[in-house]
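Morning, everyone. Please bring up the model on your screens. I'll walk through how its chains meet.

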Amino acid sequence: FAGLADVSVAQDIPVEGEITVPVGSHSPDEDYSTLDEPVKDTIMRDLKAVGKKFVHVMYPRKSSALLRDWDLWGPLVLCVSLALMLQGGSADSKDDGGPQFAEVFVIIWFGAVVITLNSKLLGGTISFFQSLCVLGYCVMPLTVAMLVCRLVLLAGAGTVSFIIRLIVVGAMFAWSTLASTAFLADSQPPNRKALVVYPIFLFYFVISWMILTFTPQ
Amino acid sequence: TACLVMYLFAEFDDAANLLAANPDATTISIDEPAELPKNQHSRLQEPGREEDDELLGTDDSDKTELLAGQKKSAPFWTFEYYQTFFDVDTYQVLDRIKGSVFPVPGKNFVRLYIRSNPDLYGPFWICATLVFTIAVSGNLSNFFIHLGKPAYRYVPEFRKVSIAATTIYAYAWLIPLALWGFLMWRNSKVMNIVSYSFLEIVCVYGYSLFIYIPTAVLWIIPQQVVRWLLMVFSLCLSGSVLVMTFWPAVRDDNRRIAVATVATILLLHALLAVGCLAYFFDAPELDMPAPIIPAHNSTSKVLLEQH
């Protein structure tokens, strides 16, 4: 390489270019990658999130945890269990009986979607799935009421049992409505709050009616 | 032409009155109607000028229909377009409901309350409430009527909810569609002053159904006379709202067609009420002596099997 002997880089020519090494390219993967963790950890994390939301519904305070990390597992479990428990009520002809599984499912999900659309159309700032999440989780008191009703009906179906069921369903209906209103009312414009709360009231009233009129075989 | 001149003078006069009464009205030009605040009733006309008032109302609603067209400028596939149909506050919805329950004679519901801001909130949720009210009240009333009978077992009759929903939503949305089409067709033949947009007609029909909600609750009372009295009363109230809305729209047409249109509107309204009462509410039993206790076991088995 005789010709290259006199080639030299001048001292005053700046070396240009980017030789940056991305900082932290390894550590995010190590910290947040959930691919390598045991399956038990993954499941427990989701279960804990769902459980925490149930607790929030039990003691409704204005917390943003329910809204921020929405998920639809809880509503699905509640809806399926409520629809299953509403089975078994019957009449002699199918036309006169209680709601079928598909009807309960459709009422709950379609009702929640319509209420969410209603609140968004009225100018609410909550997102679609957050509202579905809240409405679904707040069905929990009514699912508890259904459980209690079925247990009471095991003991008998007289007037006393009806009064007990009426009180329990009424109290849970009030709890559901108040819980969901506590979460959802803040995201509405102030002069339209009643317009948003009324459909929620109607929704839980219909579910309560289905629970109260359940008559076992 | 004399009528046309009278319109213009009347509008001019009315605008001057409005200006005197509301110095801070938003628009005071002759071309556009003065924009009154939505919850203010205009009580500036004397009784003798009621006809001008109606004609003015038609003029207003004609122009406000243009304004309505300007308001909804978002394309129909965006969410904002549909948000313009829900641009109502709580007090506005309550005012509209009040206007449908206490109709003021001579005042047009659309002109007085809707005023180029038709909303879909009222019609949709009033229909939903009515569906569930009728289903629940019907169920309760049947329960009380048949209570105490030996062979009666309570049934929730949940199928009736779907039937009620289909009926009421079809009535509240398809009849306005047909009526709107009919009015558009007549408008092309006869130069009508008044034309309502489809949403305004849906609004009137939706809000006029509100009176049936308390009526359905009161239909639990198991007396046939009471039920029919209630039905006639609520039919009068909501029918008058419809008549006062649509009479100015067909008045200028052929007399027979105008009367036939209004009569059809009222007939369909009555048909809905009577149909709901007949289907969802069992007839209360007349006061008959108690049925003879069957002597045979077979007879009682027959009774049980019938249910």
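One term to begin with: buried means under 20% relative accessible area, exposed means over 50%, and partly exposed lies in between, with a 1.4 Å probe and protein chains only. Now the ground rules. This is a predicted model, where local features need pLDDT of at least 70, side-chain atom pairs count only at pLDDT 80 or more, and totals for chains, interfaces and linings use all residues. Residues are numbered from 1 along each chain as its sequence is written, chains are lettered from A and ligands numbered from 1 in the order in which they are written, and side-chain values use heavy atoms, leaving out hydrogens and water.

Start with the interface. Chain A puts 33 residues in contact with 26 residues of chain B; contact means heavy atoms within 4.5 Å. The buried area is about 2700 Å², and carbon and sulfur atoms give 62% of it. That area is the accessible area (1.4 Å probe) lost when two parts are put together, summed over both. On the chain A side, L121(A), L195(A) and W209(A) lose the most, together 23% of what that side buries.

Next, the charges. How many salt bridges are there between chain A and chain B? The count is three. The rule asks for a side-chain nitrogen of Lys or Arg within 4 Å of a carboxyl oxygen of Asp or Glu. One joins D89(B) to R192(A), with the closest N and O atoms 3.0 Å apart. Another pairs E103(A) with R159(B), at 2.7 Å from N to O. That pair runs from helix α5 of chain A to helix α7 of chain B, residues 159–189. Helices here are DSSP runs of H or I, at least four residues, numbered from the N terminus. R159(B) is partly exposed, at 27% relative accessible area.

Over all chains, the structure holds eight salt bridges. Two others sit inside chain B. K98(B) meets D95(B) at 3.9 Å, N to O. Both lie in helix α4 of chain B, residues 90–101, three residues apart, about one turn of the helix. K98(B) is partly exposed at 42%, whereas D95(B) is buried at 19%.

Then E157(B) bridges to K160(B), the closest N and O atoms being 3.6 Å apart. Are these two partners buried or exposed? E157(B) counts as buried, at 13% relative accessibility. K160(B) counts as buried too, at 15%. Elsewhere, salt bridges with shared partners join R192(A), D87(B) and D89(B) into one network.

Key
Helix = DSSP H or I, 4+ residues; strand = E, 2+ residues; numbered from the N terminus.
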